[in-house]
Amino acid sequence: MDMPRPRDWPRPPSCLPHAMLDLPPAGARVAVAGLVLVRQRPGTAKGVIFVTLEDETGVANVVVWAKMFERHRRAVIAGRLLRVTGRLQREAGVTHVVAERIEDISDMLDDLLRHTPCRAADQP
């Protein structure tokens, strides 16, 4: 049984792999997509929500301001797979995507199930 390679997996259109977030300049508008690993809403952050997304190449940190959260509340709260469009921000060596648009693309997870599963016993 052949193991699917990550590049063969369905990729949301026009999304930059997380490993390439260091290439565009700060302030560039980018789109990223990934599984939601963490949602944080610290009490000291004045309503800001921090979302960590993961794709097959790494993680992306997303900043969701309160106004954006209200506009995209359902996706931020319930989405398992998100596509985020926003501006790159770099501070103290950390890159964030400041969200301008958030889409719940969790239905794309079904496409992953169409690929041949890989079992540890199948590995060389």
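The legends below describe close-up views of a predicted model.

Local features are described where pLDDT is at least 70, and side-chain atom pairs count only at pLDDT 80 or more, whereas totals for chains, interfaces and linings use all residues. Residues are numbered from 1 along each chain as its sequence is written, and side-chain values use heavy atoms, with hydrogens and water left out.

**View 1. His-72 in the loop between α1 and α2.** His-72 is placed in the loop that links α1 (66-71) to α2 (73-78). Helices (H or I, at least four residues) and strands (E, at least two) are DSSP runs, numbered from the N terminus. His-72 has a relative accessibility of 14% and therefore counts as buried (buried means under 20% relative accessible area, exposed over 50%, and partly exposed in between, with a 1.4 Å probe and protein chains only). When neighbours within four places in sequence are left aside, His-72 is in contact with Glu-100, Arg-101 and Ile-102; contact means heavy atoms within 4.5 Å.

**View 2. The largest nonpolar core.** A nonpolar core is a set of buried Ala, Val, Leu, Ile, Met, Phe, Trp, Tyr and Cys residues joined through side-chain atoms within 4.5 Å. The largest one has 21 residues, of which Val-51, Leu-53, Val-62, Val-64, Leu-82, Val-84 and Ile-102 touch the most other members. Two or more residues come from each of β1 (29-40), β2 (49-55), β3 (58-64), α1, α2, β4 (81-91) and β5 (94-104). Another core, of seven residues, lies apart from it and includes Cys-15, Ala-31, Leu-81 and Met-108. In soluble globular proteins, nonpolar side chains tend to be buried together.

**View 3. The surroundings of Val-84.** Not counting residues up to four places away in sequence, Val-84 touches Val-30, Ala-31, Val-32, Leu-53, Val-62, Val-97, Ala-99, Arg-101 and Ile-102.

**View 4. The salt bridge between Arg-29 and Glu-100.** A salt bridge is a side-chain nitrogen of Lys or Arg within 4 Å of a carboxyl oxygen of Asp or Glu, and the whole structure holds five. The side chains of Arg-29 and Glu-100 form one of 2.8 Å, N to O. Arg-29 belongs to strand β1 and Glu-100 to strand β5, so the pair ties together parts 71 residues apart in sequence. Glu-100 is partly exposed, with a relative accessible area of 28%.

View 5. Arg-73 meets Glu-70 in a salt bridge of 3.3 Å, N to O. Arg-73 is partly exposed at 38% relative accessible area, and Glu-70 is exposed at 51%. Arg-101 forms a salt bridge with Glu-103, with the closest N and O atoms 3.8 Å apart. Arg-101 counts as partly exposed, at 44% relative accessibility.
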